[in-house]
Amino acid sequence: MKSIIAHGWKLTGKHLPIVIFLFLYRLGWGFLIYRIVDNIVTPLLKRFPAAAPHDYAVQSFMTEAQFRLFKTDMIMPYVWTIVALMGARMLLAPFLQSGLLHSIRSQINEQTGTRFRQGIKKFWKPIMLIYWLEAIAVILPLWWIAPKLFRILMTSPALPQILIDAAPWLGGWGLWAVLVHLFSIALQIGIVQEGKLLPLLGQIMIRLLPFVLITLFMWLIAAAAASLFVLSALVWAGFLTLLLKHLGQFITTWIKIWTLASQSIIMQKKNHSE
């Protein structure tokens, strides 16, 4: 596994322009979402009672907020905005994924230069199909889980009890989402490596364990890096915090591509463990 991770790191270094591009892409999305949330939340918070409010004032605020959310159409423009943003993100993501996976595969095969645009042209359709099937597979269980969670929310007496009652359902759904995502990534990598479907499914099953292990290890690295930057932001404030936040975004983008490179090496038909 050590050699695979080292090889994945080298492949990521060869994709530095793509790392920078994806970092700027994520930064742009983050800024856009921040502005939208700020425009929604700030006017609402201005109606919150003044400092050290009386319990009655807070209860009145919560009652008014609940009425406006559930009895009026005030929230609908925001809901449609969020849906539109999610739709746009889900349309763009497969294009970026197909270009990145094809470029990684080209580097594994020791071809010179990146093949990002060629990958988009060649593989965006099957990657788009797999990506949307993954989304449907993840969302579909909510048809059964959401009513149970709503019932728990309405009947449980306190927040700790809500968390205890909802944990098995949310945990099961989270595990299902992770498994579906891992299978989707393996399938995308296999498609880009131009494997036929039935042999590809067999290849995924054979290499499933090392694929999962390498993914979990890379996720641990990503979690450790994210925790480090969060702790740094709590210690230092001001411009340094902003700088660390952006540096953290760049590092997490690097780790994401590093993870995809390591996963691609696992799935590659040739043996690249040397």
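**View 1. S103 counts as buried because its relative accessibility is 0%.** Buried denotes under 20% relative accessible area, exposed over 50% and partly exposed in between, with a 1.4 Å probe and protein chains only. The model is predicted: local features need pLDDT of at least 70 and side-chain atom pairs pLDDT 80 or more, whereas totals for chains, interfaces and linings use all residues. Residues are numbered from 1 along each chain as its sequence is written, and side-chain values use heavy atoms, without hydrogens or water. S103 lies in helix α4.

**View 2. The side chains of S103 and H15 are joined by a polar contact of 2.7 Å.** Such a contact pairs N or O atoms within 3.5 Å, one able to donate a hydrogen and the other to accept it. Apart from residues up to four places away in sequence, S103 touches H15, I18, T114, R115 and F116 (heavy atoms within 4.5 Å).

**View 3. Helix α4 (residues 76-108) crosses helix α5 (residues 116-139) at roughly 125°, and their axes come within 6 Å.** The two helices are therefore oblique to each other, and α4 passes α5 in a right-handed crossing. At the contact of α4 with α5 there are 17 nonpolar residues, seven polar residues and no charged residues.

View 4. Of its 274 residues, 33% are buried. Among the contacts in the protein with a separation of 6 or more, 76% link residues 24 or more positions apart.

Terms used: Axes are lines fitted to C-alpha atoms, for helices over the stretch in contact, and angles run from 0 to 180 degrees between N-to-C directions. Helices (H or I, at least four residues) and strands (E, at least two) are DSSP runs, numbered from the N terminus. Angles under 35 degrees count as roughly parallel, over 145 as roughly antiparallel, 65 to 115 as roughly perpendicular and the rest as oblique. A crossing is left-handed if the near helix is turned anticlockwise from the far one by less than a right angle, and right-handed if clockwise. Ala, Val, Leu, Ile, Met, Phe, Trp, Tyr, Cys and Pro count as nonpolar, Asp, Glu, Lys and Arg as charged, and the others, Gly among them, as polar.
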